[in-house]
Amino acid sequence: MKLNKASLFALISVLELARDPERQLSTSDIADKYGISSHHLAKVMRNLVHQGVVQAMRGVGGGYRFAGNVNRTTLLDIIQLFETLESELDLPHWNKAAEPVVSELHSVTSEIDTVTRAILDTITLATVLKNTRAAGERVAEPSPPGRK
Amino acid sequence: MSKITIRDAIPSDLEAIIALDRMPNEDKTGYWQSIFQHYVVAGRPDRVFLVAQEGKSLLGFIIGEVRAWEFGSPPCGWVFALRVSHTTREGGIGTRMFTEICERLKKAGVDTVRTMVDIDNKLTLSFFRGMGLRTGRYVELEKRID
């Protein structure tokens, strides 16, 4: 599976905003923090606002705020705003003789897609935030003395 | 919410458990009687049946056990039933029951816990993922044989 850039930018910004739903951040705040294109991110944010995932706040200190429920919003909820997760067989032309094989390959990719969607649709933003916090704490922990 | 306790199930919990698990057009009384015999009455440390209680009400249950060499796997813990009443979900009861059953299974000598959930049961799958479970080394396969 390869996620497109818009999906990745959306996941990064939604997770950043969901970390503190009271906080407002601008596109450049997020783009600068993660070293991503603010131009591309701006388009992604417009879509997220349109879909109601984030809220655009106007005025001084305005920016974006997470507008969803971290316990209910899954990775798939965000990704499918930007792409469909369907495997493609890159076989534009084939003879009739290939049809049974192609049909079987479609069946296999369909199985893969079902599992992929099931995984992404059951990992909530809350779970990702919890895991990333735990990973950050592990990194921050000093090594025990005498060990490398 | 008053104090919720997580404790071992006792034989007199049977009716409350059946009520918690009740589904329309399903009578699972026989199933639950058998489960109580195996996991409550037997009183073995490698079979764990816990309930969450608040006052006189049971709000949830979780059941698991140590299984050895199934499908070639070394001994590990299996959690095969989990329910929290609709009215008290997202209050941390499932987390407390799961944490406690993991402690019990660890004391029984295993270092891995597994479960299996219907692919459409998003709520339960999300819960277990939130508890840190990930796709494991054993993949479930099935085929209709009618």
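Predicted model: local features only at pLDDT ≥ 70, side-chain atom pairs only at ≥ 80, totals over all residues.
1. Residues are numbered from 1 along each chain as its sequence is written, chains are lettered from A and ligands numbered from 1 in the order in which they are written, and side-chain values use heavy atoms, with hydrogens and water left out.

2. Start with the sheet. Chain B has 5 strands in an open, mixed sheet, ordered E1-E2-E3-E4-E5. Strands here are DSSP runs of E, at least two residues, and helices are runs of H or I, at least four, numbered from the N terminus; two strands pair if DSSP finds at least two bridges between them. At the edges sit E1 (4-8) and E5 (113-114) of chain B, each pairing on one side only.

3. Now the pairings. E1(B) runs antiparallel to E2(B) (residues 47-54), with 5 bridges, and Asp8(B) has Leu50(B) as its bridge partner there. E3(B) and E4(B) are antiparallel too, over 8 bridges; Gly64(B) stands opposite Val79(B) in E4(B). E4(B) and E5(B) run parallel, joined by 2 bridges, and the chain gets from E4(B) to E5(B) through helix H3(B) (residues 93-107) in a right-handed β-α-β crossover (with the strands pointing away from the viewer, the path from the first strand over the helix to the second runs clockwise).

4. Which residues of H2(B) are buried? They are Trp32(B), Ile35(B), Phe36(B), Tyr39(B) and Val40(B), where buried means under 20% relative accessible area, exposed over 50%, and partly exposed in between (1.4 Å probe, protein chains only). These residues pack against H1, E2, E3 and E4 of chain B (contact means heavy atoms within 4.5 Å). E4(B) itself is mostly covered, with 7 of its 9 residues buried. Just after H2(B), Gly43(B) has a positive phi of about 60°.

5. On to charges: there are 15 salt bridges over all chains, each a side-chain nitrogen of Lys or Arg within 4 Å of a carboxyl oxygen of Asp or Glu. Arg23(A) and Glu16(A) meet at 3.2 Å, N to O; Glu16(A) is buried at 3%, while Arg23(A) is partly exposed at 24%.

6. One to look at between chains: Lys122(B) and Asp121(A) form a salt bridge at 3.1 Å, N to O. Lys122(B) is in helix H4(B) (residues 122-130), and Asp121(A) is in the loop between H5 (99-120) and H6 (125-140) of chain A.
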